[in-house]
Amino acid sequence: MTLGEIAAAVGATVRDGSDEVTVTAPVVFDSRRIEPGGMFVALPGERVDGHDYAAQAVEAGAVAVLASRPVGVPAVVVDDVPTAYGRLARMVVDRLPDTTVIGVTGSVGKTSTKDILAQVLSAFGETVANRASNNNELGLPYTVTRATADTRYLVLEMGARGVGHVAYLTRLAPPSVSVVTRVGHAHLGEFGSVENIALAKGEIVEALPGEGGLAVLNGDDPLVAAMATRTRARVLTYGIDGPADVQAEDVTVDELGRAAFRLVHEGQAARVRLRLYGLHQASNALAAATVALGLGHPVGAVAEVLSRAEAVSPGRMQVTTRPDGVTIINDAYNAAPDAMRAALRALRTMTGGDRRAVAVLGEMAELGEHAAQVHREIGRQVVEVGAGWLVAIGGVAAAHYAAGAAAGGVTVVDRAADVAAAWELLRDGLRPGDVVLVKAANSAGLLMLADKLVEEPGAVTA
C-alpha cells in the first residue's frame, strides 16, 4: 500500500514524505523487528515513547512511521496510534479475499492450539499465525500485516482481559472460522466470574458469518459447547470424554507424557502420535484437527501432519534433558489454574514412577479474591502427583502453595523469595534423573529461571 492509501484508510495525513511511497513489509511496533520496506508504529508509553525511535526505525529500513505527531522522517500522522493500527489491519484483511481468517480463543490452550493449527494448515497452503502470544490489539495487527496475497490461512489467536475485547479483535480481522478451546479461571480477577469469561470468549463465534462460517467448539466443556446457540454458522464439536463430531478415541500416553489417539470423523479414522508433551495436548491437537477437517482436508493427511507438530512458542511444555539426566519442563510462559493442573499431571507421567518430581512454581496472576484458595489447591495437587520437592517462589502466593503442599505431606517444601534464591536452591539440590517443572504467570519471571536451569553444557532438547 502507498502512504496515501494508508492515510486515507486511517484518517491521517502524510508528513515529511511522499504519498506515493509504498509499504512492502510488515507494520511493526518493535523497532528491532523492522524489515526493509516496512513501517514502524510509534506507540507512546509510560517509560518508553516509540516516537523517540522513529529515526532509528527509518535507518533500519522502515519507509515510514505511524505516529501521533511529526517525527522528522516520513510519517502517517494520526490522532490515536493504536486505533489507526487496528484500522490498517482491517484494510489488509479486506484486501485478501482469498485468505481464510481463523480466530482462536479460550482460557487455556489457545496458544498451543494456534501453534499446532498453523503447522497443520501449512501442509495445505501458505499460513501466517501469531508469533508467541501476540494476541491483543497490537499483536493482532502486527500478525495481519505479515500476510500477503499468497497467504491461504491467517490463524489469529485472540486474547481478552474483559468483555468486549474479543469482539473488538474480530472487527479488525473478521473470522470465517472460530475456535474456542476451554472456559476456565484464567484472569478471573479481571472478569469477575466464569460466566463473564464465557460471555467474552463466545464473542468469537458471534462474529462468524451465517453463510460459510464454521464454529469449532470443545464438546467436553459445557460452557463452550453451549456457544453453539450464539451463532448461525455451521458448528463442529470435538471431544475426548463424550460424543462429538470429531473425536479422539483410545487415548494413551507414553513414558514421556506424549499422547496418542485415533482421530475419528464421519466414519473415517487415522492414528495420531503426538510429539508434544502432556495429555492436555491431545485436546489442543483435536481442536486443530477439527478446523482442518472442517475446511475439507482428509483425515489421514491431517493425522499425519498432527503427528509431526512440535512446540513452537517459548515457555510452553518445552522439554530439555541435561547431561546429568535432569529433565527440565519449561512451561513458564503462563499459568492459569487449569493449565497448572495439566502441567502437574504431565510431570507425574514423565517421572515414570522411578524419578523424583520437582515442582518449581510461581504466582498465578489475576485470580482476584480466589487467589488464596486456588494456590492452596495447586499446592495440594503437588502432593497428589507425587512430587518429592516443591520450590514455591514469591510472597503470599508461595506461602499458599507451601501451606497446601505441606498439609498434604510433600517430602520437601522450600520457599524462595525470588528467582535468584530459587536458582541457588535448585543448583545445590537437584539430583541426576530429576524431572523439574517450572511454571508460573509470565509476570513472575520464571522463564529466565527455566533458561538458566537448561543452560548446562551439552543439554539435549527432547
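Which residue in β5 is the bridge partner of Val65? Select Ala75: that is the partner. The model is predicted; local features need pLDDT of at least 70, side-chain atom pairs count only at pLDDT 80 or more, and totals for chains, interfaces and linings use all residues. Residues are numbered from 1 along each chain as its sequence is written, and side-chain values use heavy atoms, without hydrogens or water.

**The sheet**

Now select β4 (residues 64-67) and β5 (residues 75-77). They pair in the parallel sense over three bridges. Strands (E, at least two residues) and helices (H or I, at least four) are DSSP runs, numbered from the N terminus. Strands pair if DSSP finds at least two bridges between them.

Show the whole open sheet: five strands, in the order β1-β5-β4-β3-β2, with mixed pairing. Go to the edges, β1 (13-15) and β2 (27-28). Each has a single partner strand, so one side of each lacks a neighbour in the sheet.

**The cores**

Next, select Val65, Leu66, Val76 and Val144. Of the 66 residues in the largest nonpolar core, these touch the most other members. Such a core is a set of buried Ala, Val, Leu, Ile, Met, Phe, Trp, Tyr and Cys residues joined through side-chain atoms within 4.5 Å. Buried means under 20% relative accessible area (1.4 Å probe, protein chains only). Helix α3 (residues 81-94) gives the most to this core: eight residues.

Move to the second, separate core. It has 41 residues, including Ala282 and Leu293.

**Helix α11**

Finish at Asn284, in helix α11 (residues 281-294). Asn284 is buried, at 8% relative accessible area.

Methods. Buried means under 20% relative accessible area, exposed over 50%, partly exposed in between (1.4 Å probe, protein chains only).
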